Amino acid sequence: MFLKKAVLALQALLMAALLGGPALAGPVVNSGHIESELVAQETGIAPGGTIYVALRQKIMPGWHTYWRNPGDAGEPTKITWTLPEGWRAGDMVWPTPQKAKLGPLLDYAYKGEVLIPVPITASADAKPGTTLSLTADVFYLVCEQICIPEEAKLSLLLPVVAGAPSPDPKWGAVIGKVLAEAPKPAGLKAVFKLEGQALKLAVIGGPLTGADMAGAYFYPYSSKVIEHAAEQAIERGPEGLTLTLKPGYDFVGGGTPPTELVGVLATKAGAWEVTATVGDPPPQASGLGAPPAEAAPATGLAGGLAGALLFAFLGGLILNLMPCVFPVLSMKAASLAGHAHEATKARVQGLAFLVGVVATFLALAGALLAVRAGGAAVGWGFQLQSPLVIAGLALLMLLVALNMSSVFEIGTSVQGVGAGASSKGGVTGAFFTGALAVVVAAPCTAPFMAGALGYALTQPTVVALGVFLALALGFAAPFVAVTFIPGALKLLPRPGGWMEVLKKGLAFPMYGAALWLVWVFAQQAGPIALGQLLVAGVLAAFGAWLYGLAQARRAMGKGSAVSMILGLLAVIGALGLAAAAALSAKPPTAASAASAAEASTPSGPGLTAEVWSPEKVKALQAEGRPILVDFTAAWCVTCQVNEKVALSGPKVAEAFKAQNAVLLKADWTNRDPVIAKALGEFNRVGVPLYLVYPKNGGAPVILPQLLTEGMVIEAIEKAGA
């Protein structure tokens, strides 16, 4: 036995000397982006025996090759063998791939170093002591932002040995590890079932019992059975799991539905090959809910939590300058003017305003987190995607404006101005001014704010609420600071008759806000519901006038009960009519929404927006055309301003025409989970978002949230270069 081992060791040393090194490997071929070579698991092969020879590729940082199913784009690596007569090459053993996200596309790829073993079987009459040459023609696609087809002709001198060969000193253990970790059947039972727009894949079996299911993912062997980029929701069970997949072309696009679903199920505990047949998911595959949340992935936000808090505070400060907040600035100004020379009352108002802002921000944040935890794809400003909320806000803005126009009074009034405010401090008015300011500001995302909110929604609830608190403090800071700076307050004239004139003048921005909300409602609910809301507005104004008339009659000592009751009933009736209009409204159909999107998009001569979809982006990228995607919503005032200022001019249209560029519009006025998912892919939870895709492919460039015509033209010219 000892003699046999010594002979084998001597044979390995002789072969190492013959091949110029300690390991059995062929020459390295560098094609520019990848170094390729053939390496063997053992130092030789016995006649009729089988060993694994692996294609080893060292891929340049930032580049990748593809798995057997490349996903949404790409080509798998292929090997064509030239072997001695009577020798055979088996199937490639594919390691579990990585997910490579590129815009709306999801590919299955390899990065860094990858070894793909292939079993090689020698002929039974191979003569020990001879060395034979194996040749492999390798074709692969290597991609970064561009893709380059490359090939390499590789060779390996493989000695034929008598008896069992010994493991290669360098590559034996490495290839053994790849083979051990490669997906393989493990006795798992799998079934799949198409349920409406969802494809349920249930897998149970020994390896999955008690395994960590977080991050589990199904890599199909076929490229047409699922939508690769869609999320795969996980439902745990006592003996396995159920994945909810989005069915692909073979199920919903006209292809032939498969009778088997074959691929790789990858989990933290390992990866296994599964073959699912048609059937009902077993109860052992569900019932325990989703796996516990994993640690949040890196968001690219500098400084982590500290950076998110800073960016949120800065974003809140800048939010005061966004167009959507302008109407409420009039309420702030009127409120501040009432106590400009009463330091104590001004500070109390400032603190009440702060409490109103913080309470409303945290309430909205809590609702947002709860809705998202329930599985809904919503983002910041989600409440304004509800026609009911829009209708209620429109009437509220109208009533606030009528109050500021002195059509009626409500004690201290919503704004906290006038004699009542002076006597009672206007604390309630200041609180609700802060609350209303947040509600109106919700459609906007300011610079710095987008990244902070994107980070917040990947964190535990306590951390997320901390980020929203920083945002609230930043938003309230300017108004609160002014109330605590005596010098700033003294710049205002003393209270007098001018305050009433100022209050009535500042009512008009509130009328404008009401009209804007009515326009948003029309986009969401259609013309019939719009007519009902307009009637409700007239009825609410009539009720406010009756209420104000009753107040005037009471001040003169006359009877006012009938007018006051009729006024209140009219306002209540208006609210009921608006609610009925919102609840009975039918959102526009997809076709009419698309037409409306195109028709309503501000455009210069020859510049017309097409409706966005992930498929549209793919098709235009395949044509090699630059793309600007405008993620917008009717309720986003900043979006509308950008469209008028930066996307409407003839110079922009000329730049698009010169570069053969396309403008795509993703309208988020109504809830759309596809748009919400696309925003999430860029770490955004709200609009606006502007993406420019270069004509030669690759990741898009994100433009600032406040655009100028020059920015757009420069971005399109760079994308088309």
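This is a predicted model: local features need pLDDT of at least 70, side-chain atom pairs count only at pLDDT 80 or more; totals for chains, interfaces and linings use all residues.
Local features required pLDDT of at least 70, side-chain atom pairs counted only at pLDDT 80 or more, and totals for chains, interfaces and linings used all residues. Residues are numbered from 1 along each chain as its sequence is written, and side-chain values use heavy atoms, without hydrogens and water.

The protein contains 22 helices and 24 strands. These are DSSP runs numbered from the N terminus (helices: H or I, at least four residues; strands: E, at least two). Of the 721 residues, 50% are buried (under 20% relative accessible area, 1.4 Å probe, protein chains only). The protein exposes about 30,900 Å², and 64% of this comes from carbon and sulfur atoms. Areas follow the Shrake-Rupley method with a 1.4 Å probe.

Pairing requires at least two DSSP bridges between two strands. β10 (residues 131–143) pairs with β11 over 13 bridges. Ala 136 stands opposite Leu 154 in β11.

A nonpolar surface patch comprises Val 562, Ile 565, Leu 566, Leu 568, Leu 569 and Ile 572. Patch residues have over 30% relative accessible area and no salt bridge, and nonpolar side chains (Val, Leu, Ile, Met, Phe, Trp, Tyr) are joined within 5 Å. A salt bridge places a side-chain nitrogen of Lys or Arg within 4 Å of a carboxyl oxygen of Asp or Glu. Ile 572 lies in helix α16 (residues 561–584). Ile 572 is exposed, at 55% relative accessible area (the cut-off is over 50%).

How values were computed. Patches are made of residues with over 30% relative accessible area and no salt bridge: like charges are joined within 9 Å, nonpolar side chains (Val, Leu, Ile, Met, Phe, Trp, Tyr) within 5 Å.
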